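Visitor: I have some questions about the labels used here. Could you walk me through them?

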Amino acid sequence: MRISARADYAVRALLELAAAGDESPVKAETIATAQNIPHKFLEGILTDLRRGRLVVSRRGGSGGYRLAAPADTVTIADVIRVVDGPLVSVRGARPPELSYTGPAEALLPLWIALRANVRKILDEVTLADVAANRLPALVHTLAEDPEAWTNP
């Protein structure tokens, strides 16, 4: 699975907003500097996040961005879906839309299982979890496996 720069930047930007809380809006420049994200690229991502109703924005000198919902209700999957679309797709199609025949027939349940496992992690971890360094036990278990850190 590939996490795009766009998805990585979007999650990191929203983590900055989660850490800031509801006190005051955070300017895009502040987020870009804190997370070392190219400002122009971030502006486009924030526009997508606003359209996806994950952030709200306010213009003006005291303007900026805030989360549109509490951080404990926004999952990492929500963020990725807004900026990149479906979590798992094959040739641009969701696995249930595919069909295979002959020796490739077993690919469909493989793709479905992959999607289910990706969702099991990304749909369960919220911005609040990551911001507080409170990842679920399953994430820690998977990340502690030395094989998880090596490329075959």
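Guide: The structure holds 5 salt bridges. This is a predicted model, where local features need pLDDT of at least 70, side-chain atom pairs count only at pLDDT 80 or more, and totals for chains, interfaces and linings use all residues. Residues are numbered from 1 along each chain as its sequence is written, and side-chain values use heavy atoms, with hydrogens and water left out.

Visitor: What makes Arg6 and Asp48 a salt bridge?

Guide: A salt bridge is a side-chain nitrogen of Lys or Arg within 4 Å of a carboxyl oxygen of Asp or Glu. The N to O distance for Arg6 and Asp48 is 2.2 Å, so the pair qualifies. It links distant parts of the chain: Arg6 is in helix 1 (residues 5–20) and Asp48 in helix 3, 42 residues apart. Helices here are DSSP runs of H or I, at least four residues, numbered from the N terminus.

Visitor: Why is Ile45 called buried?

Guide: Buried means under 20% relative accessible area, exposed over 50%, partly exposed in between (1.4 Å probe, protein chains only). Ile45 has 0%, so it is buried. Ile45 also lies in helix 3 (residues 39–51).

Visitor: Why does Arg6 count as partly exposed?

Guide: Its relative accessibility is 22%, so Arg6 falls in the in-between class.

Visitor: What about Asp129 and Arg134, which meet in a salt bridge: why is Asp129 called buried?

Guide: Asp129 has a relative accessible area of 14%, so it is buried. Arg134 is at 48%, so it counts as partly exposed. Their N to O distance is 3.4 Å.

Technical notes
Helix = DSSP H or I, 4+ residues; strand = E, 2+ residues; numbered from the N terminus.
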